[in-house]
Amino acid sequence: MTAGADQFILAPLRGVTGRVFRNTLADTFEAPDEAVAPFIPTFAGERVKPALLSDVDRSLEQRIPVIPQVIGKDPAQLATLLRAFRAMGHTRVDLNAGCPWPFVVKKGRGAGLLADETALEAMLAVGCEVMPEGFSVKVRLGVKTADLLVRRMELLNRYPLREVTIHPRTAKQMYEGAVDEARFAEAAALCRHPVVYNGDIRSFADWRRLKARFPQVSRWMIGRGLAANPALMESIRAGEDRPFPEDRMRGFLEAYLLATGEELSGRASVLGRMKELWSYLAASFADGDRLWACVKLCRTVDEYRRVLDRIGGSR
Ligand SMILES: Cc1cc2nc3c(=O)[nH]c(=O)nc-3n(C[C@H](O)[C@H](O)[C@H](O)COP(=O)(O)O)c2cc1C
């Protein structure tokens with residue numbers, strides 16, 4: 001089985017899949033077809049701080065076509081942010097109705113929005129009005145139990161959404177435990193919008209198995225799999241699992257370090273960004289445990305560079 005006409009979307013991973021990561025990935029490896037950017041929160045007031053939007057700024061280089069994502073629960077605030085995206089030239093925006101963090105859910109945002117039918121409806125109405133044909137939603141199966149999304153499908157079906165991305169876990173599960181493929185199948189069958197599958201695609205074999213189980217799905221979102229192996233699209237497009245390319249990873253990591261240094265000020269934030277990625281990457285290296293232990297200890301960019309020098313067993 002090959003990925004032929006199927007499309008792949010880089011998932012939003014806040015702290016990892018920002019513009020610099022996306023561009024470096026596309027410079028070094030085969031890129032996914034598009035990317036949903038990490039969420040941008042709605043805010044009170046009309047003045048949009050440019051820094052808030054820089055990750056999805058189309059006047060800056062975006063090597064992977066990028067779709068902004070919003071998190072919030074106030075329709076008027078959503079409208080303000082959507083207008084700002086439109087002014088930047090965006091015609092598509094995604095609404096986060098899946099973030100599982102308890103402090104987010106408690107405030108009625110992310111997966112908490114899925115739990116509040118009235119608030120969700122108000123957000124869908126505004127989203128589809130301000131971003132016609134370009135508004136999509138990313139959801140989970142539910143908050144505590146996996147039956148909520150299925151109950152919300154009638155509401156989602158009433159609005160002209162571009163697509164619905166389903167991560168088949170509950171918020172309670174966070175990102176761990178088994179994905180519930182049976183519930184995904186049930187929700188996808190009820191959904192009249194195109195459905196994007198998202199969850200635990202880490203290899204070509206994973207994708208092939210899912211495609212065989214859900215042949216009607218043609219759009220796939222991948223997050224941690226691409227953070228752990230930025231070359232993963234090459235395996236999927238080639239139709240075979242290829243070895244993790246340690247040699248090319250070194251160039252990728254050097255370029256990522258350099259570009260992050262240009263984007264962020266302060267070595268702590270640059271190193272923080274590197275360590276965030278390494279928490280996913282480490283497992284892919286033959287010598288990953290040792291490299292990760294060294295990366296964690298780095299206090300300066302020079303120390304980090306010396307760790308990169310060891311990649312590929314050169315030292
Ligand atoms: C560190 C981290 C940050 C995330 N940030 C976002 C986010 O900003 N917006 C969102 O919709 N999902 C976010 N997610 C969820 C992912 O987009 C994705 O749904 C989840 O990781 C499952 O897909 P995967 O198994 O391919 O990683 C985040 C997940 C993680 C682990």
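**Entry 1: the sheet**

I looked up E3 and found that it pairs with strand E5 (residues 69–71) in the parallel sense over two bridges. Pairing here requires that DSSP finds at least two bridges between the two strands. Strands (E, at least two residues) and helices (H or I, at least four) are DSSP runs, numbered from the N terminus. The model is predicted: local features need pLDDT of at least 70, side-chain atom pairs count only at pLDDT 80 or more, and totals for chains, interfaces and linings use all residues. Residues are numbered from 1 along each chain as its sequence is written.

I noted that Pro41 has Ile71 of E5 as its bridge partner. I then traced the whole sheet, which is open, has 10 strands and pairs in parallel, in the order E3-E5-E6-E7-E8-E9-E10-E1-E2-E4. Its edge strands are E3 (40–41) and E4, each pairing on one side only.

**Entry 2: strand E9**

I moved to E9 (residues 195–198), which runs parallel to strand E8 (residues 164–170) and is joined to it by three bridges. Ile166 stands opposite Tyr197 of E9. In a regular strand the side chains alternate between the two faces of the sheet. I checked both faces of E9 and found them covered: Val195 and Tyr197 on one side, Val196 and Asn198 on the other, all buried. Buried means 20 or more other C-beta atoms within 10 Å of the residue's own, exposed means 12 or fewer, and partly exposed lies in between, with C-beta atoms placed from the backbone.

**Entry 3: Val66**

I looked up Val66, which lies in strand E4 (residues 66–67). Val66 counts as buried because 22 other C-beta atoms lie within 10 Å. Leaving out residues up to four places away in sequence, I found that Val66 touches Arg22, Ala35, Ala37 and Val56. Contact means that the C-beta atoms, placed from the backbone, lie within 7 Å. The C-alpha atoms of Val66 and Ala259 are separated by 18 Å, and the two residues are 193 apart along the chain.

**Entry 4: H3 and H6**

I took helix H3 (residues 75–87) and helix H6 (residues 117–130), whose axes are 9 Å apart at an angle of about 25°. Axes are lines fitted to C-alpha atoms, for helices over the stretch in contact, and angles run from 0 to 180 degrees between N-to-C directions. That angle makes H3 roughly parallel to H6; the classes are roughly parallel under 35 degrees, roughly antiparallel over 145, roughly perpendicular from 65 to 115, and oblique for the rest.

I recorded the crossing of H3 past H6 as right-handed. A crossing is right-handed if the near helix is turned clockwise from the far one by less than a right angle, and left-handed if anticlockwise. Pro75, Leu78, Ala79, Leu82 and Arg83 of H3 meet Ala122, Met123, Val126, Gly127 and Val130 of H6.

I looked separately at Ala122 of H6. Ala122 is partly exposed because its C-beta neighbours inside 10 Å number 17. Its C-alpha atom is 14 Å from that of Ile71, 51 residues apart along the chain.

**Entry 5: H13 and H14**

I ended with helix H13 (residues 267–281) and helix H14 (residues 288–297), whose axes come within 10 Å and cross at roughly 160°. H13 and H14 are therefore roughly antiparallel to each other. I recorded this crossing as left-handed. Met274, Lys275 and Trp278 of H13 make the contact with Trp292, Val295 and Lys296 of H14.

Conventions. Two residues are in contact if their C-beta atoms, placed from the backbone, lie within 7 Å.
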